[in-house]
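Thanks for coming, everyone. Let me put the structure up, and then we'll walk through it.

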Amino acid sequence: MAHIGKRVVNGREGIDRTKLYSLDQAVTFIKERANAKFDETVEIAMNLGVDPRHADQMVRGVCNLPNGSGRTLRVAVFARGAKAEEAKAAGADIVGAEELVESVQKGEINFDRCIATPDMMGLVGRLGKVLGPRGLMPNPRVGTVTMDVTSAVAASKGGSVEFRVEKAGIVHAAVGKASFSAEKLSENIKAFVDSVAKAKPAGAKGTYIQRVALSSTMGPGVKIEPNTVIGG
């Protein structure tokens, strides 16, 4: 039997793991128990009533968190000429064309978000096997293949988070930091759940949002009553 550390035991104290809590209660629990020596990330996990093996049940999208994610993302932009200069002016960390493709092919991936102008996708498409598994491949559906690189860079820097359902029907994402106020965390969580709700695929049957849970980097998971976050 695995040993359960004192931190875990203390963190779980007072939380009924079989009970569903309101969003406000869950946020309070998470903030109270996020006592690591660093600012813990608050994450949400949602079990959806979909089977992503079917194309008409894939869930994917992007959410602009109203209060930001608390993270500083490194953004790369594949662009040439005037659009490359626009990307640099917007605050992109890495900008390039063929030379950037070559760097990525060598395994030099020094960024957290990737944007490309449409004319660059012929080149960027070669990087599918490298960027795809990392969830970094630019995609027009989430606004990362666009001519409006200024807005795309601003959104990435400002707290937009991409989401994509996993094989088990789970969507998860970082929705802020434990240092955020309860109000700001709640606003971010509701915004994220709303984005996932709006991304409901045509093939989804039955209850779409089945379970929702919150946790911090080092803290316990807290199950949430879905009705307290849906439509908030």
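A definition to begin: two strands pair if DSSP finds at least two bridges between them. Helices (H or I, at least four residues) and strands (E, at least two) are DSSP runs, numbered from the N terminus. Two notes on the source. This is a predicted model, where local features need pLDDT of at least 70, side-chain atom pairs count only at pLDDT 80 or more, and totals for chains, interfaces and linings use all residues. Residues are numbered from 1 along each chain as its sequence is written, and side-chain values use heavy atoms, with hydrogens and water left out.

Start with strand 3. In strand 5, the bridge partner of Phe78 is Ala116. Strand 3 and strand 5 (residues 113-116) run parallel, joined by four bridges. What about strand 4? Strand 3 also runs parallel to strand 4 (residues 94-96), with three bridges between them. There, Val77 stands opposite Val95. To get from strand 3 to strand 4, the chain passes through helix 3 (residues 81-90), and this β-α-β crossover is right-handed. Right-handed means that, with the strands pointing away from the viewer, the path from the first strand over the helix to the second runs clockwise.

Are the faces of strand 3 covered or open? Both faces of strand 3 (residues 75-78) are covered. Val75 and Val77 are buried on one side, Ala76 and Phe78 on the other. Buried means under 20% relative accessible area, exposed means over 50%, and partly exposed is in between (1.4 Å probe, protein chains only). In a regular strand the side chains alternate between the two faces of the sheet.

Now Glu98. Glu98 is in helix 4 (residues 98-105). Glu98 counts as partly exposed because its relative accessibility is 36%. Glu98 and Phe78 are 20 residues apart along the chain, and their C-alpha atoms are separated by 8.6 Å.

Compare Val149, in helix 7 (residues 149-158). Val149 counts as buried because its relative accessibility is 0%. From Val149 to Lys88 is 61 residues in sequence and 9.6 Å in space, C-alpha to C-alpha.

On to strand 1. Seven bridges join strand 1 to strand 7, and the two run antiparallel. Strand 1 and strand 8 are also antiparallel, over seven bridges. Val42 shows both pairings: Val42 stands opposite Gly176 in strand 7 and opposite Ser216 in strand 8.

Last, the largest pocket. On a 1 Å grid over the protein atoms alone, a pocket is an open set of points where a 1.4 Å probe fits, with protein on both sides within 12 Å along at least five of seven lines; lining residues have an atom within 4 Å of a point. The largest pocket has 23 lining residues, with Arg134, Gly135, Glu162, Phe163 and His172 nearest its centre. Strand 6 supplies the largest share of that lining, five residues.
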